[in-house]
Amino acid sequence: MSARNDVAPDTLGVELGEDGIVVEYTDGREAYYRGVPEKKSGTLRTQPGKLVQILVTDPTETEGVLMYVNDRNTHDDILESTGVGRVMLGKDEEEELFPGVTVRVDGYAIEVEADPEVARGRVFVFEEDELGERSYELVNED
């Protein structure tokens, strides 16, 4: 399989609904993330081997940026045409994706930490594979 590169994200339309989240790509297509995200504080450790996507909304919750983490299946030109970004990290590497949102690789798992106040919006993490999907909203502790 050929190497994949980091791809900068574009601003995408976001609609937060009662039963899921809709993200509108720059090419007009939409992705639907089903279910109400589970609220998590602290570090979120995703299951190893899952496709991990991070969505950070703006303060109005109508726009946001979507990043894939270590996705090796999607070609760069597809990401660029949809406005979705990607970051590729090696073992034990860490990167601040956005102010207040840090992602790191620990073995085959991805760990995400976020401070929504610093990010100035809501932070969602989606993990999925062919067997299912889970969604989380990273929040500060009360």
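**A first look**

Mentor: R72 counts as partly exposed because its relative accessibility is 44%, where partly exposed lies between buried, under 20%, and exposed, over 50% (1.4 Å probe, protein chains only). This is a predicted model, in which local features need pLDDT of at least 70 and side-chain atom pairs count only at pLDDT 80 or more, while totals for chains, interfaces and linings use all residues. Residues are numbered from 1 along each chain as its sequence is written, and side-chain values use heavy atoms, with hydrogens and water left out.

Trainee: Where is R72 found?
Mentor: R72 sits in the loop between β7 (63–69) and α1 (76–82); helices (H or I, at least four residues) and strands (E, at least two) are DSSP runs, numbered from the N terminus.

Trainee: And how many residues apart in sequence are R72 and N5?
Mentor: R72 and N5 are 67 residues apart in sequence, and their C-alpha atoms are 9.1 Å apart in space.

Trainee: Switching to the open sheet, what order do its strands have?
Mentor: The order is β5-β11-β10-β9, an open sheet of 4 strands with antiparallel pairing, where two strands pair if DSSP finds at least two bridges between them. β5 (44–45) and β9 (94–98) stand at the edges with a single partner strand each, so one side of each has no neighbour in the sheet.

Trainee: How many bridges are there between β10 and β11?
Mentor: Strand β10 (residues 101–106) and strand β11 (residues 109–114) pair over 6 bridges in the antiparallel sense, and D106 has A109 in β11 as its bridge partner.

Trainee: Is E96 buried or exposed?
Mentor: E96, whose place is in strand β9, counts as exposed because its relative accessibility is 52%.
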